[in-house]
Amino acid sequence: MSVVKRDFGKTDDGQAISLFEVTNGKGAVMKVTDYGAILVSVLVPDKNGKLTDVVLGYDCGSDYQVNAPHFGSTIGRNGNRIDQASFMLNGKKVQLTPNENENNLHSGPDGFEFMMWDAEVQRQSVVFHHFSPDGEQGFPGNFDVKVTYTLTDENAVEIHYEGTSDQDTVANMTNHSYFNLAGHNTGVVYDQTMQIFASHYTPVVDSKSIPTGEIVPVAGTPMDFTVPKEIGKDIEADFEQLKLTGGFDHNYVLDKEDGEFVLMAKAYCKETGIGMEAYTDCPAVQFYAGNFIENEKGKEGAVYDKRHGFCLESQYCPNAVNDTHFKQPFLKAGEKYDTRTIYKFIVE
């Protein structure tokens with residue numbers, strides 16, 4: 001097990017960006033950067049032993065300063081959408097910055113993925129730290145947060161979020177990596193299979209993707225991934241929810257008890273034999289099939305386009321701050337925010 005720190009360019013204002021390469025005893029490699037606490041690469045052996053990078057991203061740190069698709073991003077304080085970019089907390093209106101229609105998406109234009117983080121190297125982990133002052137992004141409270149990336153000897157990338165606030169606030173962080181189990185530069189993921197351990201999902205009102213508040217069964221609809229099926233099988237189905245979001249981009253309510261750490265999804269690529277198991281203790285997961293990637297210049301000369309990767313974003317339900325139908329993502333002052341997500345890679 002080793003961790004190597006490398007130069008990864010500079011920000012526009014001259015700050016040095018570092019890349020941390022973690023290698024385990026099986027030769028797998030995880031690369032993370034202190035710009036945005038971003039997951040840059042995960043290289044794992046395929047069925048022939050060929051090391052394959054299964055995460056979409058960029059060649060240098062400065063490219064992540066725009067990053068419209070949120071490649072590899074640590075999203076915070078709040079992942080996904082908040083209706084009208086506002087909510088009530090303790091009787092007071094909290095106003096955020098609208099950055100998608102009238103909504104706030106992924107905490108707005110000044111999300112955690114566009115900030116420099118302090119980094120501490122451990123034996124097989126990199127710990128990123130950020131102090132988010134009261135009012136940053138519009139959220140109340142001084143939020144002191146750590147994100148720890150660990151590469152295990154079982155080829156699992158473990159992401160551990162920890163934080164405290166001196167006021168009641170929102171804590172609903174996630175990772176926005178796009179995965180392609182055939183390799184980051186191999187094109188559409190239609191033939192890769194997906195299974196999501198959720199018998200219900202949250203339909204959206206319209207193309208702005210705010211949930212209706214309903215939690216409805218997936219059974220009998222193209223939204224059903226309770227058994228493995230190819231991502232491309234139903235993605236163009238004549239189904240209103242898919243038309244509204246341009247393909248799969250929906251929140252699935254996991255079949256689990258509150259706080260239970262479970263397998264939330266499994267994906268598999270027959271071509272490489274690489275499978276991925278995703279685990280979480282969060283109540284839900286956003287399955288996004290990369291519907292809006294367009295001509296994005298990525299690593300190693302790759303040009304990423306529509307549906308060249310998929311996301312599995314562990315989370316509280318979108319707009320939960322405004323909808324009591326859903327488990328609430330509020331963090332009480334002095335209490336600890338503590339949640340984990342794991343992406344484990346296997347060869348089948």
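Mentor: The side chain of Asp281 reaches the backbone nitrogen of Arg340 at 3.3 Å. Keep in mind that this is a predicted model.

Trainee: Where is Asp281 found?

Mentor: Asp281 is in the loop between β23 (274–280) and β24 (284–288).

Trainee: Is Asp281 buried or exposed, and which side chain of opposite charge is nearest?

Mentor: Asp281 is buried, and the nearest side chain of opposite charge is Arg340, 5.1 Å away. Asp281 has no salt bridge, because a salt bridge needs a side-chain nitrogen of Lys or Arg within 4 Å of a carboxyl oxygen.

Trainee: What else does Asp281 touch?

Mentor: Leaving out residues up to four places away in sequence, Asp281 touches Lys256, Gly259, Glu260, Phe261, Asp338, Thr339 and Arg340.

Trainee: New topic: the backbone. Which peptide bond is cis?

Mentor: The bond from Gly76 to Arg77 is cis, with omega near 0°. Arg77 lies in the loop between β6 (74–75) and β7 (81–82). Most peptide bonds are trans.

Trainee: And what about phi at Ala85?

Mentor: Ala85 has a positive phi of about 55°, and it is not a glycine. Ala85 sits in the loop between β7 and β8 (86–89), and its relative accessible area is 0%, so Ala85 is buried.

Trainee: What is phi at Arg307?

Mentor: Phi of Arg307 is near 65°, again a positive value in a residue other than glycine. Arg307 is in the loop between β26 (303–304) and β27 (311–315).

Trainee: Why does Arg307 count as buried?

Mentor: Because the relative accessibility of Arg307 is 2%, and buried means under 20%.

Trainee: Now the packing. Which residues of the largest nonpolar core touch the most other members?

Mentor: That core has 60 residues, and Met194, Tyr252, Phe287, Phe310, Leu312 and Phe345 touch the most other members. Strand β13 (residues 143–151) supplies the largest share of this core, 5 residues. There is a second, separate core of 16 residues, with Ile17, Leu19, Tyr64 and Tyr304 among them.

Trainee: Last one: where is Pro45 found, and what does Pro45 touch?

Mentor: Pro45 is in strand β4 (residues 38–45). Not counting residues up to four places away in sequence, Pro45 touches Lys50, Leu51, Asn155, Ile274 and Val347.

Trainee: How far apart are Pro45 and Thr11?

Mentor: Pro45 and Thr11 are 32 Å apart in space, C-alpha to C-alpha, and 34 residues apart in sequence.

Conventions:
Residues numbered from 1 in each chain as written. Predicted model: local features only at pLDDT ≥ 70, side-chain atom pairs only at ≥ 80, totals over all residues. Heavy atoms only, no water. Helix = DSSP H or I, 4+ residues; strand = E, 2+ residues; numbered from the N terminus. Buried < 20%, exposed > 50% of the residue type's maximum accessible area, 1.4 Å probe, protein only. Lys, Arg positive; Asp, Glu negative; His and termini not counted. Polar contact = N/O pair within 3.5 Å; in protein donor to acceptor, adjacent residues only side chain to side chain. Contact = heavy atoms within 4.5 Å. Core = buried A, V, L, I, M, F, W, Y, C linked by side-chain atoms within 4.5 Å.
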